[in-house]
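We'll go stop by stop, starting with the overall layout.

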Amino acid sequence: MGGGSRVAKLSGMQKQVLSLYRSFLRAARSKSPEGRREIESVVSTEFRRHSKEVDRKNFLQIEYLIRRGRKQLDQLKTPATLGLSSFNLNHGDNNN
C-alpha cells in the first residue's frame, strides 16, 4: 500500500487555507450546539464556494480572503459572538 507517494505536498498558501478552515471548526466548538452547526455549515459552504470560484493562481485574491477570514475568525472567537449571522461573507469577493 504505497499510495502515500502519490500525495502531492501542500503549498504554503494551501496550508494556510487548511489551517484557517480547521481554526474555524475549532472556534465553533465553543458556541452553542445550534451556533456550532450554523458555523460549520457556513464555513464549509464558503470554503467550497471559494475553492471553485477563485483561480488557484490568483494569489492576491487568495491572500485577501485569508486575511479577511482571519479577521472573521478573531471576531468569532470573542464570547459575545454567537454565530456567523452577523458576517457579511460576500462583500468584496469578486474584486480582483
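Helices here are DSSP runs of H or I with at least four residues, strands are runs of E with at least two, and both are numbered from the N terminus. With that in hand, trace the chain from the N terminus: the elements run α-α-α. That makes three helices and zero strands.

A word on the ground rules. This is a predicted model, with residues numbered from 1 along each chain as its sequence is written. Local features need pLDDT of at least 70, side-chain atom pairs count only at pLDDT 80 or more, totals for chains, interfaces and linings use all residues, and side-chain values use heavy atoms, with hydrogens and water left out.

**Stop 1: the whole chain.** The chain exposes about 7,000 Å², and carbon and sulfur atoms supply 53% of that (Shrake-Rupley method, 1.4 Å probe). Of the 96 residues, 30% are buried; buried means under 20% relative accessible area, exposed over 50%, and partly exposed in between, with a 1.4 Å probe and protein chains only. Now for contacts, meaning heavy atoms within 4.5 Å. Among those between residues at least 6 apart in sequence, 64% join residues at least 24 apart.

**Stop 2: α1 against α2.** Select residues 12-28 for α1 and 33-53 for α2. Their axes, which are lines fitted to C-alpha atoms over the stretch in contact, lie 9 Å apart at an angle of about 165°. Angles run from 0 to 180 degrees between N-to-C directions, and those over 145 count as roughly antiparallel, under 35 as roughly parallel. So α1 and α2 are roughly antiparallel. To see who meets whom, show Val-17, Leu-20, Tyr-21, Phe-24, Leu-25 and Ala-28 on α1, then Arg-36, Ile-39, Glu-40, Val-43, Ser-44 and Phe-47 on α2. Color this set by type and you get nine nonpolar, one polar and two charged (nonpolar: Ala, Val, Leu, Ile, Met, Phe, Trp, Tyr, Cys and Pro; charged: Asp, Glu, Lys and Arg; polar: the others, Gly among them).

**Stop 3: α1 against α3.** Ten nonpolar, four polar and three charged residues make up the contact of α1 with α3.

**Stop 4: two distance checks.** Click Val-42 in α2, which is partly exposed because its relative accessibility is 21%. Draw a C-alpha to C-alpha distance to Leu-84: 7.5 Å, across 42 residues of sequence. Then go to Thr-78, in the segment after α3; at 33% relative accessible area, Thr-78 is partly exposed too. Its C-alpha is 9.9 Å from that of Ser-30, 48 residues away along the chain.

Methods: Parallel < 35°, antiparallel > 145°, perpendicular 65-115°, else oblique.
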